[in-house]
Amino acid sequence: MKGLVKGFGVFLLAFGAHFSWADSESELETVPYVDVYQYVGKWYEIARLPQIFQPACTAVTADYGLNDDGTLSVFNFCRILHPKYGFPISVQGSATPIDETNSKLAVSFFDGKTNGNYWVLELDPTYQWSLVGDPDRSSLYLLSRTPQLDEAIIDELLDLAVVKHGYNIDHIIMTKQLPL
């Protein structure tokens, strides 16, 4: 069954302002394979590069599900400013794997009016965290199955984003999440 997940980090590329921060146009490396059955479910955004479609978003989550046609459903949610009392916003979309690895997905929101790329760059072997970006390096999301993630893991993944994947993370946003 084809599929994987797209959308991380809420609204991920829902509007898509694309500014390339990479020093070169080298190919962005993804994980060799994503098991879509393990990837589906709820993810919490731990960190992100600034995105115009995520104004002051807190309590950001992405829920992925399997559709009968092999695509994934995407439901992104956040609260503006305050993770508990902030105004809620959400967007629904779909993601389609673009190759047999399921590590590269094409994401679509607003009935196909807004499209983007969702590439899984790093993935925990037990699917507890994920680092997701796009080939022009304008978006980057660190996701976790829980609202908080160990600082050592965060530091390691953000270091990989820079050293291995060529991202500029000078303006990384640490997402405010409520504890479970």
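**Close-ups of a predicted fold and its disulfide**

**View 1. Contacts that reach along the chain.** Take contacts (heavy atoms within 4.5 Å) in the protein chain between residues at least 6 apart in sequence: 64% of them join residues at least 24 apart. This is a predicted model, where local features need pLDDT of at least 70, side-chain atom pairs count only at pLDDT 80 or more, and totals for chains, interfaces and linings use all residues. Residues are numbered from 1 along each chain as its sequence is written, and side-chain values use heavy atoms, with hydrogens and water left out.

**View 2. Helices and strands in order.** The protein chain has 2 helices and 9 strands (DSSP runs numbered from the N terminus: H or I of at least four residues for helices, E of at least two for strands). Walk along the sequence and you get α-β-β-β-β-β-β-β-β-α-β.

**View 3. The disulfide.** The structure has 1 disulfide, meaning a pair of cysteine sulfur atoms within 2.5 Å. Here the partners are Cys 57 and Cys 78, with their sulfur atoms 2.1 Å apart. The pair ties together distant parts of the chain, 21 residues apart: Cys 57 sits in strand S2 (residues 57-66) and Cys 78 in strand S3 (residues 72-80). The link is left-handed, at -40° about the S-S bond.

**View 4. Buried or exposed around the cysteines?** Cys 57 is buried at 4% relative accessible area, and Cys 78 is buried too, at 0%. Buried means under 20% relative accessible area, exposed over 50%, and partly exposed in between (1.4 Å probe, protein chains only). Of the 180 residues in the protein chain, 52% count as buried.
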